[in-house]
Amino acid sequence: MEQSASTGLELELPSLDVPYYSHKETSSAVEKSEEIRLEPRVFGAANQIVAACGQFTATVHKPFFSLVELLNGPNVTGCMHFLETTHIVEILREAGPAGLSVKDIASKVTDLRRAKDPAAAEVDPVKTSHVLRLLATYHWLREVKPDVFANNRLSSFIDTGKSTEELRSAPNTKYDETDGVAAFAGMAADEVMKIQTGLCDWLLTGCSDSGYRAPFNLAFKTQRKYYEWLEEPGNEHRLVRFGHSMNGTRYWEVAENIVHGFPWQELPKDSVVVDIGGGIGSVSVLLAQAYPHLRFVVEDRAPVVALAPQSWGSKHAELFAAGRVSFHARDFFEPRAPFAVPGVGTVSAPTVYLLRAVAHNWPDADVVGLLKRLREFAGPHTKLLIVDNLLPYACVDGESKMARPGSGEEEGSAVSEGAVRSLVPDGSPLLPNLGRASSNGYLLDVSMMAMLAANERTYREMEELTRAAGWKISRVKRAVGSLWAYTTAEPM
């Protein structure tokens, strides 16, 4: 039982057994129960619980069992890929809380597949039951009685909201007008999992000396960069899915983090924010709704920008029509030039360059090159906002002169929130980086290495990169409940 700070009501945390479909109307009590999970005090307590449970499990579980579970993790990923690709979550949503037998699930999956490809093989209900049971064991479904499965809170999170009839008649629009989570699940379980198979060989053969830029290139036997490969004929579905999947990554942090991670409200009317590598504009749309006095220009590769109108459908049409969010095709490693902004005119130096989940896509040398390009077209008061994970060490950073969170030392400054000594109080038995509660950041770190020969960075690594490109970090605000941080830099 927890009391909401906004309403003062005592609320129960949401039940794991009960699906929560964000696209459907629910009672106010259910909505408040979901909202309470995002309150900083609850978020922080949840992280402590996850960290403690993870460390306790590592302590008491038989080491061989822990090893087997770790090494066979790709089995869970493969089963999740099957779940998303076959639209089983949408099928189970229509079945309701009583669930559906595996025989009926397999029949409906086969029917949907044959609507797209009449020659598609029949899906085996026995094999399907084993796949779904593993997912239920990891709490991603619920087996309500033998061989009968239903959605739960976790599986409902990847529901697109599309009906099975919509998926039958227009399967290629599955991710349109969704929050992108299902697309992210599909992308991660497809490309990312396959890429990991080349990680060890790539590392042991000298990385770039191996003849392949990244494990991705080794796994897919291509010399093209990932983004270029997505644009090749035959990868059309992957390109569309990738654009939507970046929309889904907003859930790495709560919406309030990006809205309050920078003093947007202090910017003058019609200030121009250039969203570098902004994809279909997910973050710019969110910020434009919160700050109607600003103009956002989303820059990305031409094929990605071309997907934006279809991706949004009729949603946010007023933002696009008014020019408050516009799109510009650009290779951001090429020399920049003045550009036209609807309602403003020609702009040479924007007020803010926003790079959310962009720097972690590139090796250090490329990041420095990109930041130098932006520095060349920055005014004296232009701000650079980098939104990426800032990874703490897995030990106490005894060499850091930075303050501990909650110590009150220059709160809100780069000094207090950049390099942190530890995320837990002195004397705590928990890992200083909160272990399992922070694992998303470190998993993403290695995924970036495997896919793009890039990585997430520590504060010191980020500071070194920005200085090398002519920017000086002036402020770091860490996100609530995650390792994401809002790093503001100014021209040196």
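The following paragraphs describe a sheet with its packed helices and then a pair of crossing helices. The model is predicted: local features need pLDDT of at least 70 and side-chain atom pairs count only at pLDDT 80 or more, while totals for chains, interfaces and linings use all residues. Residues are numbered from 1 along each chain as its sequence is written, and side-chain values use heavy atoms, with hydrogens and water left out.

An open sheet is built from seven strands in the order β8-β7-β6-β11-β12-β14-β13, with mixed pairing. Strands (E, at least two residues) and helices (H or I, at least four) are DSSP runs numbered from the N terminus, and two strands pair if DSSP finds at least two bridges between them. Because β8 (325-329) and β13 (471-478) each have a single partner strand, they stand at the edges, and one side of each is left without a neighbour in the sheet. Within the sheet, β12 (residues 383-389) and β14 (residues 484-491) run antiparallel and are joined by six bridges; L385 stands opposite T488 in β14.

Helix α19 (residues 364-376) packs on this sheet, touching β6 (272-276), β11 (352-356), β12, β13 and β14, where contact means heavy atoms within 4.5 Å. Helix α22 (residues 459-468) also packs on the sheet and touches β12, β13 and β14.

Elsewhere, V102, K103, I105 and A106 in α6 meet P125, T128, S129 and L132 in α7. The residues of this contact divide into five nonpolar, two polar and one charged; Ala, Val, Leu, Ile, Met, Phe, Trp, Tyr, Cys and Pro count as nonpolar, Asp, Glu, Lys and Arg as charged, and the others, Gly among them, as polar.

Note on methods: Axes fitted to C-alpha atoms, helices over the stretch in contact; angles between N-to-C directions.
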